[in-house]
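Here is a short note for a colleague who is opening this entry for the first time. Please keep the sequence and the structure in view while reading the points.

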Amino acid sequence: MSLAAVWVIVALGAGILEVVVPAFGFVFVTLAALLAALLALLGYGQTLQVVTFAVSALLFLLVLRRFFVHRLRGGPGVPSRTEAITGKMAEVTDSIDPVRGAGRVNVEGHDWAARASVAIPAGARVRVDGADGIVLLVSPVQKGL
């Protein structure tokens, strides 16, 4: 059996694993094995084939995987529930204590846990600056705004 045939068999095995195991890494082994098979067909030595296979598989994995994963996902993913209320105004329903990290706010009729860097009394207006998981990060709003 020729070395080119061995590399093609390795490529087929890795291709089958890519389909069976959703790791998105075996495709790069497949490409590296096909590159090594091409070198075998062109008459290059076994050492160069093995080195080319190892280096190209690693480079393909490190360089191309991130690009292809991002392209296949089609963007940043599913937005969280908190993204829609970032920048909205809220009313503090339970005083926010930065030491305890406790407090609650009402945003558009929904109750949320909230944190702030300063103490904010109940009844105050705040702006939603972001979120840490399902806890809203808020800041006080100046009177008259």
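The points below go from the overall form to single residues.

1. This is a predicted model, and the protein in it contains three helices and five strands. Read from the N terminus on, these elements follow the order α-α-α-β-β-β-β-β.

2. The radius of gyration of the protein is 28 Å, whereas a compact globule of 145 residues would have one near 15 Å. In keeping with this topic, the C-alpha trace spans about 80 × 25 × 25 Å along its principal axes.

3. Among the contacts with a separation of 6 or more, 40% are between residues 24 or more positions apart.

4. A search of the whole structure finds one aromatic pair, which is formed by Trp7 and Phe53 and is tilted, with 5.0 Å from centre to centre and 40 degrees between the planes. The pair links distant parts of the chain, since Trp7 lies in helix H1 (residues 3-20) and Phe53 in helix H3, 46 residues apart. Trp7 counts as buried because its relative accessible area is 10%, under the 20% cut-off.

5. Val51, Val55, Leu58, Leu59, Leu62 and Val63 make a nonpolar surface patch of about 560 Å². One of these residues, Leu59, has its place in helix H3 (residues 46-73), and Leu59 is described as partly exposed because its relative accessible area is 47%, a value between the 20% and 50% limits.

Conventions. Residues are numbered from 1 along each chain as its sequence is written. This is a predicted model: local features need pLDDT of at least 70, side-chain atom pairs count only at pLDDT 80 or more; totals for chains, interfaces and linings use all residues. Side-chain values use heavy atoms; hydrogens and water are left out. Patches are made of residues with over 30% relative accessible area and no salt bridge: like charges are joined within 9 Å, nonpolar side chains (Val, Leu, Ile, Met, Phe, Trp, Tyr) within 5 Å. Accessible areas come from the Shrake-Rupley method with a 1.4 Å probe; for residues, only the protein chains shown count as cover. A salt bridge is a side-chain nitrogen of Lys or Arg within 4 Å of a carboxyl oxygen of Asp or Glu. Helices (H or I, at least four residues) and strands (E, at least two) are DSSP runs, numbered from the N terminus. Buried means under 20% relative accessible area, exposed over 50%, partly exposed in between (1.4 Å probe, protein chains only). Rings of Phe, Tyr and Trp (its six-membered ring) pair if their centres lie within 6.5 Å; planes under 30 degrees apart count as stacked, over 60 as edge-to-face and the rest as tilted. The radius of gyration is taken over C-alpha atoms; the globule rule is 2.2 Å times the number of residues to the power 0.38. Contact means heavy atoms within 4.5 Å.
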